[in-house]
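Please look through the model shown below with its sequence beside it.

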Amino acid sequence: MKQGTSPQAILRQSISFAPTFDAWREAVRPLLSAAAHPATIDLADTASGVSDSLFAFSARNSVSESTPVHVPRSFIERAKIVACHRSADRWNLLYRILFRLQSDRNLMKLDVDDDIAEFRRLEHQVKRDLHKMHAFVRFRKVEDETGVHYIAWYEPAHHVLALAAPFFAERFAIMQWAILTPDASVNWDPDEKRLTFGTGVPRERAPVTDDFEALWRTYYSSIFNPARTNLHAMRSEMPVRYWKNLPEIDSLPRLLTEAEGRVEAMLARQPKVTAASFLPSERSLPILQQSIHTCQGCELYRCATQPVFGAGPSTARMMFVGEQPGDEEDRAGKPFIGPAGRLLDTLLAEAEIDRSSVYVTNAVKHFKFTERGKRRLHENPRASEIFACRPWLLAELEAVHPELVVCLGATASKSLFGPNFGLMRDRGKILSSPYAERVIATLHPSAILRATDPERAAQMRSMLVADLRLASATLGAKA
Ligand code: URA
Ligand code: SF4
């Protein structure tokens, strides 16, 4: 029994469990079957108030999925995200909602309900934190006698390490890397293709300067030294399970399953340098726009006139990502002002999207061309150039944080979804990525301009307008 002064507090039964979603589920199952009223229960995890909790890897205490408790799948999937919030009251909130769902199947749809509003608020904050972590983790190279390692220190606002780790495993599949946070840490073993979770690193030990060597020596070796016998106990399949169950990230697992080998091959070909080392520490749009002039993340800066950064309000709800600047954009330093831009303007107007309210940018910021006499002919950027330039796009996504991203053409789509994205297969659908909650991929306006068959051009045009209308309706429906 919990100590308290009010009669209600005295009546509340304290239930404690490991700080994981599965442990919470196990704890509430008997409560739910006994119809224990939420007002009589106080759920608190064992890590509350403990800064270096074993949040991630104690998730091994999972229970069999077959225990018969009726809960909507859609609730569970979203609740897993809410469970990563740092709010100590999240466990009680989740139980309250689960309890109420037994008699009210439509509860999740009630926008005006206080519990649901709170649930959404926490869910939104966790997702935002996850996006941020994907965009802002920076690895530093450390070498020791066992080889080359990459290490990052990061302090997420919520317990998102386990949700975020698969993303890094996919992107940096061939590197040996670790991310250390105050709550927990994760290590990727590229040979075994395995994520291992371990304890956190106290905040006061975070590297103040670039001294990652010391952090590496002190913490990596103690947390992840393979010779230590507790390593096995620290392993967990949780991230992969979480990943599968994430409700909105349904377009990405394909990359993981279908493309493991290919992603590795692609990473092996990728240049060691990317734009990341040219990014400023302050990431507001004006500062980014200034800094991009120093970028030498790939060879494209050598021949172009200037980099072309995105344009539009930082508060835009919709962001358009094109391929790269064309001839006119390269001279003017502004995106989408040439023939493709003029067509885009027309199509946006048809879909009732106001160009001045959206943010428009490109996946690659320098113009790539070959010279034919006086003409400069557009050339497609290579996968390595798209990859090299990604940090600028990610920084723009972070600064603008649009609700919806529209990828114009294959290059933009591949920049967000990886090299195996099939534009014609997946265009016109509402997708999700770690960078934006909603993404729609569609054709590039210049594909219409290039089409030689008028019938085909008309068909492409109507596809593009339909996809833009979907974009407009998606935000309209949310407003
Ligand atoms: N095509 C693009 O993809 N972007 C531009 O800015 C212009 C043409
Ligand atoms: Fe940097 Fe992108 Fe220009 Fe390459 S294309 S130099 S990565 S800004």
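Helices here are DSSP runs of H or I with at least four residues, strands are DSSP runs of E with at least two, and both are numbered from the N terminus. By that definition, Ser33 lies in helix 2, which is made up of residues 21–33. The model is predicted, and local features need pLDDT of at least 70, side-chain atom pairs count only at pLDDT 80 or more, and totals for chains, interfaces and linings use all residues. Residues are numbered from 1 along each chain as its sequence is written, chains are lettered from A and ligands numbered from 1 in the order in which they are written, and side-chain values use heavy atoms, with hydrogens and water left out.

For burial, a residue is called buried under 20% relative accessible area, exposed over 50% and partly exposed in between, computed with a 1.4 Å probe and protein chains only. Ser33 has a relative accessible area of 64% and is therefore exposed. A polar atom of its side chain lies 2.9 Å from the backbone oxygen of Arg29, which can be read as a polar contact, a term for a pair of N or O atoms within 3.5 Å; within protein, one must be able to donate a hydrogen and the other to accept it, and residues adjacent in sequence count only if both atoms are side-chain atoms. The C-alpha atom of Ser33 is also separated by 9.6 Å from that of His70, although the two residues are 37 residues apart along the chain.

Arg100 has 27% relative accessibility and so counts as partly exposed, and its C-alpha atom is separated by 9.4 Å from that of His37, 63 residues apart along the chain.

Further along is helix 13, residues 327–332, which contains Glu328. With a relative accessible area of 33%, Glu328 is partly exposed, and 8.6 Å separates its C-alpha atom from that of Pro339, 11 residues apart along the chain.

Which residues of helix 14 are buried? They are Ala340, Gly341, Leu343, Leu344, Leu347 and Leu348. Because they cover an arc of only 160 degrees around the axis, taken from the directions from the helix axis to the C-beta atoms, they are on the same side of helix 14. An α-helix has 3.6 residues a turn, so residues three or four places apart point the same way.

Helix 14 is followed by Glu352, which is placed in the loop between helix 14 and strand 9, residues 359–362. Glu352 has a positive phi near 60 degrees in a residue other than glycine, and at 71% relative accessibility it counts as exposed. His401 also is not a glycine and has a positive phi, of about 45 degrees; it is found in the loop between helix 15 (383–400) and strand 12 (404–408), and with a relative accessible area of 23% it is partly exposed.

Helix 16, residues 409–417, is largely enclosed by the rest of the structure, because 7 of its 9 residues are buried. Among them are Thr411, Ala412, Leu416 and Phe417. Gly418, which follows helix 16, has a positive phi near 95 degrees.

The ligands come last. A residue is taken as near a ligand if one of its heavy atoms lies within 4 Å of it, and the residues that surround ligand 1 include Gln324, Phe336, Ala340, Asn362 and His444. By class, this shell has 4 nonpolar, 5 polar and 2 charged residues, where Ala, Val, Leu, Ile, Met, Phe, Trp, Tyr, Cys and Pro count as nonpolar, Asp, Glu, Lys and Arg as charged, and the others, Gly among them, as polar. A backbone N or O atom of Gln324 lies 3.0 Å from a nitrogen atom of ligand 1, a polar backbone atom of Phe336 is 2.8 Å from an oxygen atom of the ligand, and a polar side-chain atom of His444 lies 2.7 Å from an oxygen atom of ligand 1.
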